[in-house]
Every structure is written in structure tokens, then in C-alpha cells.
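Here are some notes to read alongside the model. Take them one at a time, with the structure open beside you.

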Amino acid sequence: MLGKPQQIEERTFLPIEKLSDELDRISELFGPQPPLIDEQFQSETLQQQLTTGDFSGIHIKTHGLFSSNPEETFIVAYEKLIRGRELGSIIQTASLEDEIPLELLVLSACSTATGDSRAILGLAGIAVRAGARSTLSTLWEAQDAPNTELMIQFYEQLKQSDISRAQALRQAQLSLLDRYRAPHIWATYVLVGNWR
């Protein structure tokens, strides 16, 4: 998770302002798992944490770009891009380390599934091959404040035992309609894989 601006490979990534709001609420709902923030958010640290804990879900709030080409797919870690194949390897670590399958990968960021017309297939392919049963991401740039609101609402809905992931996403999107009428704000989210 990145709260600091980054300059990597001649690309500028702005700080994510609502980082603490989102992570604090998720921790309240699902337990105090310490998040990896800024300097801690590196591929090695993420891999290490996933090998030592029991995780049924991974929530990543950072900038990213997904393409049908794995080499053009990345998420932004601290001072480094984690490319598609490496991300797949990290996700696979979480899937294989314990008997609990990785049920949900959430990429709460801007532009996570953009890149080309088959980008979401690239994202789904990476996640499914790595063992994640469901992936939630965005099709185009997500605005920080409404994105945080949606993610918090999504997790609050998921906390209810009788609701599916698809229903939780739908309810979270509907919750944004009161304040954000423009579809580009609430319609950017896509759930790939197991909807239950």
C-alpha cells in the first residue's frame, strides 16, 4: 500500500490520500493484520508475510496497470513495479501455503484493469492461474474518495454471512449512487471468478 509519491521507470505515481481510511476500516472488520505500507510494501516483504500467515484474502491498495500482456501488467510497490508474473508468483504463495484457499484478491487502486480490450482477461488469468478464486478490480481510473467508500461498503457487506461477493459489490455500488450519479465513478468495478 502506498501513501507516498513514487517515480519509477520514468512514470510518476501520486500518493493515495485515503489509504489509512480504507485500511483502518478493513482492519476493524477483519482483524488487526498489520498492513505493509510504503517502505514495507515490497515484493519480498509481501511474499514473506504470505508464507507465515493464514490468508483467505489479499487487499492491495496501490496504483497498477493490467494488460493482456503480462510484461505490461504491474502494480506499484515501494520504488519498484511488481510485474504480472511476479505478482502471480506472490498470489500463488498465498494459495499454496495453507489449506485455506485464497478466496479473494482485491486490487483497490486506480487503473488496475485498463491497458487494452483484453486487459481483464490478463488479470483474471494471472489471478486464476495463481489460485485466487475471485478478483475485484477496476476497469478504468478510480477516484480515491469514492473508491475508498466503495471498498469499505464492500467489506461491510461481505461481513454478513449470507451475502455473495457479487451481491456485496452490487450493494457497495448502489451505496455510491446517492452521492455520485456519474456512472464512471461506480461502474468501474469488476468481479472476476467465483461470485459466491
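Which residues point one way from β8 and which the other way, and are they buried or exposed? Keep that in mind; point 3 has the reply.

1. Some ground rules. This is a predicted model, so local features need pLDDT of at least 70 and side-chain atom pairs count only at pLDDT 80 or more, while totals for chains, interfaces and linings use all residues. Residues are numbered from 1 along each chain as its sequence is written, and side-chain values use heavy atoms, leaving out hydrogens and water.

2. The overall picture. The protein has seven helices and nine strands; these are DSSP runs numbered from the N terminus, helices being H or I with at least four residues and strands E with at least two. Of its 196 residues, 51% count as buried, where buried means under 20% relative accessible area, exposed means over 50%, and partly exposed lies in between (1.4 Å probe, protein chains only).

3. Strand β8. S134, L136 and T138 point one way from β8, T135 and S137 point the other way, and all are buried. Because five of the five residues of β8 are buried, this strand is largely enclosed by the rest of the structure.

4. The strands that pair with β8. Two strands pair if DSSP finds at least two bridges between them. β7 (residues 104–107) pairs with β8 in the parallel sense over three bridges, whereas β8 and β9 pair in the antiparallel sense over five bridges. In β9, L191 is the bridge partner of L136, and V190 is that of S137. β9 (residues 189–193) is also largely enclosed by the rest of the structure, because four of its five residues are buried.

5. A closer look at S134. This residue lies in β8 (residues 134–138) and is the bridge partner of L104. Why does S134 count as buried? S134 is buried because its relative accessible area is 0%. Leaving aside neighbours within four places in sequence, S134 is in contact (heavy atoms within 4.5 Å) with residues including E103, L105, R165, G193 and W195.

6. P34, for contrast. You will find P34 in the loop between α1 (19–30) and α2 (43–52). P34 counts as exposed because its relative accessible area is 52%. Its C-alpha atom is separated by 9.4 Å from that of L23, eleven residues apart along the chain.

7. Contacts along the chain. Among contacts between residues at least 6 apart in sequence, 72% join residues at least 24 apart.
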